[in-house]
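Hi,

Here is the structure I promised to send over. Have a look at it first, and then read on for what turned up.

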Amino acid sequence: MKKIMAAFLAAAMSVFAFAGCSASEKTDWEYIQEKGKLTVGITYFEPMNYFDENNELTGFETEFTKAVCEKLGVEPEFQEIDWNNKVFELNSKTIDVIWNGMTINEDLAKEMLFSTPYINNRQVAVIKKDNADKYKDIASMEGASVTAEIGSAGETAVQNDSVLSKNYTGCAAQKDVLIEIKSGTTEIGVIDYVMANASVGEGTDYSDLMIVESVELTPEQYAVGIRKDDKELQSKINAAIQEMVDDGSLKALCEKYDLLDVYAFK
Amino acid sequence: MSFLEVTAQLANGFLTTLLIFGVTLVCALPLGLLITFGSMSKIPPIKWIMRTFIWIIRGTPLMLQIIIVFYGPGLLFGWSALPRLMAVLIAFVINYACYFSEIYRGGIESIPKGQYEAGQVLGMTKSQIFFKIVLFQVIKRIVPPMGNEIITLVKDTSLARVIMVVELVQAAQQIVAQKALLWPMFYIGAFYLLFSGLLTVILNRVEKKLNYYSG
């Protein structure tokens, strides 16, 4: 029995030793450089990070990230995350940056550094086409069920609006918001314009949904989220973004993905 | 996406589900026995440490344990992260070992004292009595409750998606999210039903095989 206990304790200790073998005193950028990989936290949505018909990851952010990483001399490694856990993921080093159309806000600013904002965006309301006559403006949405992604700028916009916040339920991801509307479990969804413009309407998977043009919610900006103690990576990413602005390649990317009207460096 | 493409993508997720299921079972079965020995130990400190450990593991959600194993090392000590699947496996093995250990303990304590006494009369050592007489009767008795836990494990594997391990439910969720197809979410029910059905058949067979005392 003693031998068995000893074996068990040894096994338990080796688990902890294994988990702890890479503790170090390096700076954050040195840690990333040594890995040679920048682990990028993303969720899949068009037009930012999504799979094309050949099942290859593509999109505005995918190409943007790859271009910046090339300038930094590291390989990007895209990792799907639960958007609710993004701060967790960043601080526990399970990812190195959040780069997925992340909207800057005060709460996030306490947890991380931001790159130069590269997109000016806004929140819009999405509904079923069948409801087009029913919901023409904010006032007509009184009492209707509303959803937005938990922790997103859309949620903040809903909570700051006295009409929309009356019958509000959160969702895990922006894509789930669209599914709620499509399946009819919620009537109004609040997501950002970039995503709505790319994934709703004619020729998309959500052709039976539409944006309510007359409803305009908070303006906002997209930036890359970087670990709080890593000013070095921040300045490197900013320099790379500036290079892409100067040589016009970022603008070209925006054009490719139909994002020119939200391009931040006009 | 066609039915075949969806099936192929789901089958990929199902492989991860099977991997979590298989590794958990293979590692937690023996680890559970060790924990049982600890929780039934005659040395009070070992016994109480083990029982507290079992209380903590059984008393908190597996989902929380997965989150702690994965994010904990980085947040608390600044270590670099475990691979996602590894974190899931560690949390599952420890959690299931604790549940198994209580089933083992129930089985061991249900064996009448007379069996031990008979062994002693025959001059067997303590470990001989345990491994040659008691253990086989225990195995026979714990098959139904173990079957329960094993089938629960099949469905619990879906918790791995909290840290974005792409198992069956997450694979379906990705299709739902990206292609706006709703039916794959219902389709995966068939995967789970078939697999747990297969396990039920196997467990019934095992039970029959072990039914050697009733003539």
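Which residues of the largest nonpolar core touch the most other members? Please keep in mind that this is a predicted model. The core has 71 residues, and the ones that touch the most other members are A:Val97, A:Val124, A:Ala125, A:Val126, A:Ile127, A:Val190 and A:Ile191. Domain 1 (27-119 + 221-262) and domain 2 (121-219) of chain A both contribute residues to this core, so it lies between them.

To see one of these residues up close, click on A:Val124. Setting aside neighbours within four places in sequence, A:Val124 is in contact with A:Ile191, A:Tyr193, A:Ala196, A:Ile211, A:Val215 and A:Leu217. Another core, of 51 residues, lies apart from the one described above, and B:Leu10, B:Leu34, B:Leu62 and B:Met146 are among its residues.

Now for chain A as a whole. Chain A has 10 helices and 12 strands, and its C-alpha atoms fill a box of roughly 75 × 60 × 40 Å along the principal axes. Of the 266 residues in chain A, 44% are buried. Among contacts in chain A with a separation of 6 or more, 73% are between residues 24 or more positions apart.

Then there is the place where the chains meet. The contact takes 27 residues from chain A and 25 residues from chain B. On the chain B side, α1 (3-39), α3 (62-77) and α7 (168-179) each supply at least two residues, with the largest share, 6 residues, coming from α3(B). That side of chain B divides into 18 nonpolar, 6 polar and 1 charged residues.

Best wishes

Key. Residues are numbered from 1 along each chain as its sequence is written. Chains are lettered from A and ligands numbered from 1 in the order in which they are written. This is a predicted model: local features need pLDDT of at least 70, side-chain atom pairs count only at pLDDT 80 or more; totals for chains, interfaces and linings use all residues. A nonpolar core is a set of buried Ala, Val, Leu, Ile, Met, Phe, Trp, Tyr and Cys residues joined through C-beta atoms within 7 Å. A residue is buried if 20 or more other C-beta atoms lie within 10 Å of its own, exposed if 12 or fewer, and partly exposed in between; C-beta atoms are placed from the backbone. Domain bounds come from an automatic or database domain assignment. Two residues are in contact if their C-beta atoms, placed from the backbone, lie within 7 Å. Helices (H or I, at least four residues) and strands (E, at least two) are DSSP runs, numbered from the N terminus. Ala, Val, Leu, Ile, Met, Phe, Trp, Tyr, Cys and Pro count as nonpolar, Asp, Glu, Lys and Arg as charged, and the others, Gly among them, as polar.
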